[in-house]
Amino acid sequence: MKECPQCGAIHNGHRWIPEPDEKVSSRLAGKTVKKSTCPGCRRMEKGQVEGVVTLKGNFLARHREEIKNVIKRVEKNRHGRNVTSQILRSSEENGEIIIETCDEHLAERIGKELHKAFKGDLDMKWQEKDTFVRVLWQRD
Ligand SMILES: [Zn+2]
């Protein structure tokens, strides 16, 4: 058993459990738990970016909060299953929102969920070996 000192994720010998519930935590009682930084926190520390999502268009300014809520929901949902699925940082520039993710599938999922919720145009470009994706979503 290992526990990440930064985010509290637990490794049960098979996989990292990002947000352990009481059931998981109770199994740790009395066991030797080694402190070990999980891959999610390591990627955050290194600033490892595997996906970039760019949001564009006039729709953005009028629906900023709704859009941000969808993004937050997607991140929470993905991170609950995969410790590396996290947003490293997001920034705004010239009316565009740019989101960098530590996991390419999170970037892909954010694009798809925005498209599902608000229509608009979605474009995804995978780089060779499928370890990096550039997602563009726009709506005017
Ligand atoms: Zn961690």
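Glu-19 is found in the loop between β3 (16-17) and α1 (22-26); helices (H or I, at least four residues) and strands (E, at least two) are DSSP runs, numbered from the N terminus. This is a predicted model, in which local features need pLDDT of at least 70 and side-chain atom pairs count only at pLDDT 80 or more, while totals for chains, interfaces and linings use all residues. Residues are numbered from 1 along each chain as its sequence is written.

Glu-19 is partly exposed, because 14 other C-beta atoms lie within 10 Å. A residue is buried if 20 or more other C-beta atoms lie within 10 Å of its own, exposed if 12 or fewer, and partly exposed in between, with C-beta atoms placed from the backbone. A distance of 14 Å separates the C-alpha atoms of Glu-19 and Pro-39, which are 20 residues apart along the chain.

The secondary structure of the chain comes to five helices and nine strands. Of its 140 residues, 25% count as buried. The C-alpha atoms fill a box of roughly 55 × 30 × 20 Å along the principal axes.

The domain assignment, which is automatic or from a database, gives two entries:

| Domain | Residues |
|---|---|
| domain 1 | 2-37 |
| domain 2 | 45-138 |

The C-alpha centres of domain 1 and domain 2 lie 28 Å apart.

An open sheet of four strands has the order β3-β2-β1-β4, with mixed pairing; two strands pair if DSSP finds at least two bridges between them. β3 and β4 (34-35) stand at the edges with a single partner strand each, so one side of each is left without a neighbour in the sheet. Strand β1 (residues 2-3) and β4 run parallel and are joined by two bridges. Lys-2 has Lys-34 in β4 as its bridge partner.

A nonpolar core is a set of buried Ala, Val, Leu, Ile, Met, Phe, Trp, Tyr and Cys residues joined through C-beta atoms within 7 Å. The largest has 15 residues, and those with the most contacts inside it are Val-53, Ala-107, Ile-110 and Val-135. Two or more residues each come from β5 (51-56), α4 (64-79), α5 (104-118) and β9 (133-138). The largest share, four residues, is from α5. Leaving aside neighbours within four places in sequence, Val-53 is in contact with Ile-99, Ala-107, Ile-110, Gly-111, Val-135 and Trp-137, contact being C-beta atoms, placed from the backbone, within 7 Å. A second, separate core of five residues includes Cys-4, Ala-9, Cys-38 and Val-83.

Terms used: Contact = placed C-beta atoms within 7 Å.
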